[in-house]
Amino acid sequence: MKSIRIGTRNSALALWQAREVARHLQNLNYLTEIVPIVSSGDKNLNQPLYSLGITGVFTRDLDTALLNDEIDIAVHSLKDVPTKLPENIEIVAYLERDFPQDVLIKRKSAIHKEFHELKLATSSLRRRAFWSKHYPTTEFFDIRGNIQTRLQKLEEQDFDATILSLAGIKRMKMDIDYEFLPFMIPAPSQGVVAVAGHSDKKEINDILKQISHKQTQICVEIERNFLSTLEGGCTAPIGAFAEKIENQIRFKAALCSLDGKNYIATDESFEYNEEENFGEKFANIVLENGGKELMTEIKTQL
C-alpha cells in the first residue's frame, strides 16, 4: 500500500494530533504523510465561533479534502466534529482519551483574585454558561486563537483569566500554572483525538480500526448521542462526560441557559450494554424536565 495521507489543520496542536495518529500507524508498519490544510475556523479569529452560525467550522475544509481524494483520512479533536457528518464520511478510529478537563489560567497580576472577582475571557458558550451559574456577575470577553495566542492575549489585554482544555496544555508540554474547575462539565468528547475516513475506502478504514480504543469509543458515543438528541450542534451550553470502570459507566451531563440561571443536570451510574442508546435515553429525560423549552430559548437567543 502507498503512503496514507493524513489531513490535519495546521496549528501546532492539530499537527501533534496528526503525528500521534501517524505514530500509531507506523507502529503497524504503514507509511504515512501529513497534509496540513488551513481551516475556515482558523482563518477567522475575530468572531466567536457561535456567531459564525455554523457547526463544523474546524472540520469542513478537511471534509472537502477527504471527499475530493486529496487526503485518505482526517484527524480531528472530536469535540470540534458535528454529530451529523457529511455523506460518505464516518469516524473510524478513536485514540485513547487523555485529559478531558477544563482548567482556569490566571494572568500574573490576578493570581490572588477570587473566582467571583475575575474578568474572564472565553468564547465558549458552555464555559460562559456553566461559570455564570456560580458567578453570575462575571464580565466576559471574547478570545480566539491557538493556546499560545490566547496566553499572549491574557498577558496583554484587559482581562484576568481564561479557560483552556487541559489536553492542549499537556500535549504541548506547556509549563504553566492552572486550577481545576470541578463544576465545569467538559464538552462532549473533549480530550479525544478522532480519525475520519471515507466510507468507500474500506482497506484504509480496516487499518484504522486497529488503532482505535474501544473504551474511549463507548464513552464518547454516549456523550455525542446525548448531544445530538438535544440538538445542540457544537454551540449550545451542553456538557457531557462518560467514564467506564470495568462494566460500569458513570455519566454526568448538563444543559444550561446562556445566563447560567437555568441548569438541568443528570448524573447516572449504570451497567453498560451495546444494545441500549444511553446518551439518547438521558437526553430525553433532560428534554422532558424542561430541556425542550430551554433549547428553544437558547436557539432564539442565538
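Reader: In E10, which residue is the bridge partner of tyrosine 94?

Author: This is a predicted model, where local features need pLDDT of at least 70, side-chain atom pairs count only at pLDDT 80 or more, and totals for chains, interfaces and linings use all residues. Residues are numbered from 1 along each chain as its sequence is written, and side-chain values use heavy atoms, with hydrogens and water left out. Strands (E, at least two residues) and helices (H or I, at least four) are DSSP runs numbered from the N terminus. In E10, tyrosine 94 has as its bridge partner alanine 194.

Reader: How many bridges join E4 to E10?

Author: Two strands pair if DSSP finds at least two bridges between them. E4 and E10 (residues 193-198) run antiparallel, and the bridges that join them number 5.

Reader: Which strands stand at the edges of the open sheet?

Author: The sheet has 5 strands with mixed pairing, in the order E2-E1-E3-E10-E4. A strand with a single partner is left without a neighbour on one side, and this applies to strand E2 (32-36) and E4.

Reader: How many of the 6 residues of strand E4 are buried?

Author: Buried means under 20% relative accessible area, exposed over 50%, and partly exposed in between (1.4 Å probe, protein chains only). Strand E4 (residues 89-94) is largely enclosed by the rest of the structure, because its buried residues number 5.

Reader: What is the bridge partner of isoleucine 6 in E3?

Author: Strand E1 (residues 4-8) and strand E3 (residues 73-77) run parallel and are joined by 2 bridges. In E3, isoleucine 6 is partnered by isoleucine 73.

Reader: Is lysine 2 buried or exposed?

Author: Lysine 2 sits in the segment before E1. With a relative accessibility of 59%, lysine 2 counts as exposed.

Reader: Which residue caps the N-terminal end of H5?

Author: Helix H5 (residues 147-156) has Ile147, Leu151 and Leu154 as its buried residues. They lie on the same side of H5, because they cover an arc of only 55° around the axis (the arc is that of the directions from the helix axis to the C-beta atoms). At the N-terminal end, the backbone nitrogen of glutamine 148 lies 3.2 Å from a side-chain oxygen of the capping residue, asparagine 146.

Reader: What is the relative accessible area of serine 257?

Author: Serine 257 is placed in the loop between E12 and E13. Apart from neighbours within four places in sequence, serine 257 is in contact (heavy atoms within 4.5 Å) with Ala129, Asn262, Leu294, Glu297 and Ile298. Serine 257 counts as buried because its relative accessible area is 1%.

Reader: How many of the 10 residues of helix H4 are buried?

Author: In helix H4, the buried residues include Arg126, Ala129 and Trp131. H4 (residues 125-134) is mostly covered, and the number of its residues that are buried is 8.

Notes: A polar contact is a pair of N or O atoms within 3.5 Å; within protein, one must be able to donate a hydrogen and the other to accept it, and residues adjacent in sequence count only if both atoms are side-chain atoms.
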